[in-house]
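Hi everyone, and thanks for making time this morning. I'd like to walk you through one model, taking its contacts one region after another.

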Amino acid sequence: MIEIKDIAKAFNGKEVLKGISGTFKQGEINIVIGGSGTGKSVLLKCIIGLIKPDAGRVLYDGRDFYHSDAEMKQAIRREMGVLFQGGALFDSQTVLQNVRFPLDMLTNMSEAEKHERAEFCLERVGLAGTNDRMPSEISGGMKKRVGIARAIVMNPKYLFCDEPNSGLDPLTAVKIDELIKEITDEYEITTLIITHDMNSVMEIGQNVLFLHQGLKLWEGDNTSIAHSEVPEMNEFIFANKLLRDAAQ
Amino acid sequence: MSVIGKYFIFLGTLFRRREKLRVYWKRFMEECVGIGVNSIFIVAIVSTFIGAVSCIQTAYNLVSPLIPVSTVALIVRDMTILELAPTITCIVLAGKVGSNIAGELGTMRISEQVDALEVMGINSSSYLVLPKVLAAMFTFPLLVILSAFLGILGGYLAGTLTGVISPRDYIYGIRDSFVPYNIFFMCLKPFVFGFLIATISSYQGYFTKGGALEVGQSSTQAVTNSCIAILVADYALAQLFL
Ligand SMILES: Nc1ncnc2c1ncn2[C@@H]1O[C@H](COP(=O)(O)OP(=O)(O)OP(=O)(O)O)[C@@H](O)[C@H]1O
Ligand SMILES: [Mg+2]
């Protein structure tokens, strides 16, 4: 479980996050939605420790990330897996090397164990047999899959995904969503997804937070989302005419 | 001014929270190939031609019958060892290696590869940059030794093939009043320049913000700043050590 409390962040005097709190439960898909530029990515970076918030706390199962010593931070980091927007694969390394990378750097496993674990994760995301391809030789959807494989290779307790299905065709997008859902259920991971794809929200969102101009305006599950009383959110989710018709 | 402060803080981060030594050894070897071995060709071409041209031009300028012909070789040798091999080679390397480093790190930054390292708990600046700096400081002196050798050889070939100097005079000239200390000075320069090029270019690349356009700008800036740093350091070293 991850709890965030009153996270605030300003860049050059411009407030991007104005005190955001929330709880992300274990074994659930937590989704943060919101329009472009509302600070979703900044919030994610604050949670995973890439940007230090000006105020607020981030608790990983009760451990306060920003008030821990270096060792505790390191321990928490080893329990996180992050899928970045473009996959963020190391482009000088093959697919297999990318997935193996955390094992090589952070564990003392034997060569055979590392190889087996990396191959297992690649298989898990449906990419068996692509071991020796370079990131530049695979499609965007495959990159995200490799990114997921790399994120889960260390058996994380917390999984973060920044726009896991942006830039993908609808079918591939749904497959990536399903994959994340399966992995979350299978390993009881606390998963946090940043997206503006309403499809994902309706399909897999168990706990949804709506951000608007740096504030959390709504929180709930995907079944009650269509009946919210928040005008900004209705405007956001019903921007899509199909959804609007479906709700009526 | 704040840029210089940031640069020194950046240098400090290279030595904090290091990873396993085995990891660095592997990265160091990779960078030696990328930075050193891959530069042999350009260094060889540039040095041979510069040696050849300086021999011909020196001979053209020395027309007095009072000066022995072997002086041409002596001048070529001293110019090569003191300035052409170390400084010109490093300027060429600033172009090749500097833009390469800044481009690579800039791309890694904007495609979030640097962030990916950081969230794994890896000190990205140390992991990515330190091996580059060490590899540059190790391979640049070797490249300069190669360059000096080829420069003097280039002078020999050009001088003897065009007949401005006989092989005997040339060999005599390059051995005449030779100062071994200059060789030490020749190797010291690329050691310093390698450090400057690698750290300045890494700094430019590592702190790239934005997109592909900014990566290009970082590369250009890396080369410009490296060249300026080399010339300033060249002057300072000459004052200090000669
Ligand atoms: N490092 C930074 N320095 C200054 N301003 C920043 C920085 N990072 C983000 N911002 C600003 O914070 C605001 C929120 O950005 P953010 O990337 O979080 O948006 P987002 O909600 O993720 O949007 P999108 O859906 O388009 O990705 C933007 O106005 C952006 O300009
Ligand atoms: Mg974003």
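Let me start with a definition: helices (H or I, at least four residues) and strands (E, at least two) are DSSP runs, numbered from the N terminus. One more before we look around: a salt bridge is a side-chain nitrogen of Lys or Arg within 4 Å of a carboxyl oxygen of Asp or Glu.

Now the housekeeping. This is a predicted model, where local features need pLDDT of at least 70 and side-chain atom pairs count only at pLDDT 80 or more, while totals for chains, interfaces and linings use all residues. Residues are numbered from 1 along each chain as its sequence is written, chains are lettered from A and ligands numbered from 1 in the order in which they are written, and side-chain values use heavy atoms, with hydrogens and water left out.

Over all chains, the whole structure holds 22 salt bridges.

Next, how is chain A divided? Domain 1 takes 1–8 + 22–79 + 157–248, and domain 2 takes 91–155; such bounds come from an automatic or database domain assignment. Their centres, taken over C-alpha atoms, are 25 Å apart. In contact terms (heavy atoms within 4.5 Å), 17 residues of domain 1 of chain A meet 13 residues of domain 2 of chain A. The size of an interface is often given as the accessible area lost when the parts come together. Here the two domains of chain A bury about 1,200 Å² between them, with 62% of it on carbon and sulfur atoms; that is the accessible area (1.4 Å probe) that two parts lose on being put together, summed over both.

Two salt bridges cross this domain interface. Elsewhere on our list of charged pairs, A:Glu182 and A:Arg124 join their side chains in a salt bridge at 3.2 Å, N to O. On the domain 1 side of chain A that touches domain 2, helix H6 (residues 170–187) gives the most, with nine residues.

Now to the ligand. From the backbone, an N or O atom of A:Gly39 lies 3.0 Å from a ligand 1 oxygen, and a polar backbone atom of A:Val42 is 3.0 Å from an oxygen of ligand 1.

Finally, chain B. Here 17 residues of chain B are in contact with 23 residues of chain A, and about 1,700 Å² is buried between the chains, carbon and sulfur atoms giving 60%. B:Glu112, B:Val119 and B:Met120 supply 37% of the area that chain B buries against chain A, more than any other three residues. How many salt bridges are there between chain B and chain A? The count is one. The side chains of A:Lys45 and B:Asp115 meet in a salt bridge at 4.0 Å, N to O. Helix H2 (21–36) and helix H5 (113–119) of chain B each supply at least two residues of the side touching chain A, and H5(B) gives the most, with six.

Note on methods
Polar contact = N/O pair within 3.5 Å; in protein donor to acceptor, adjacent residues only side chain to side chain.
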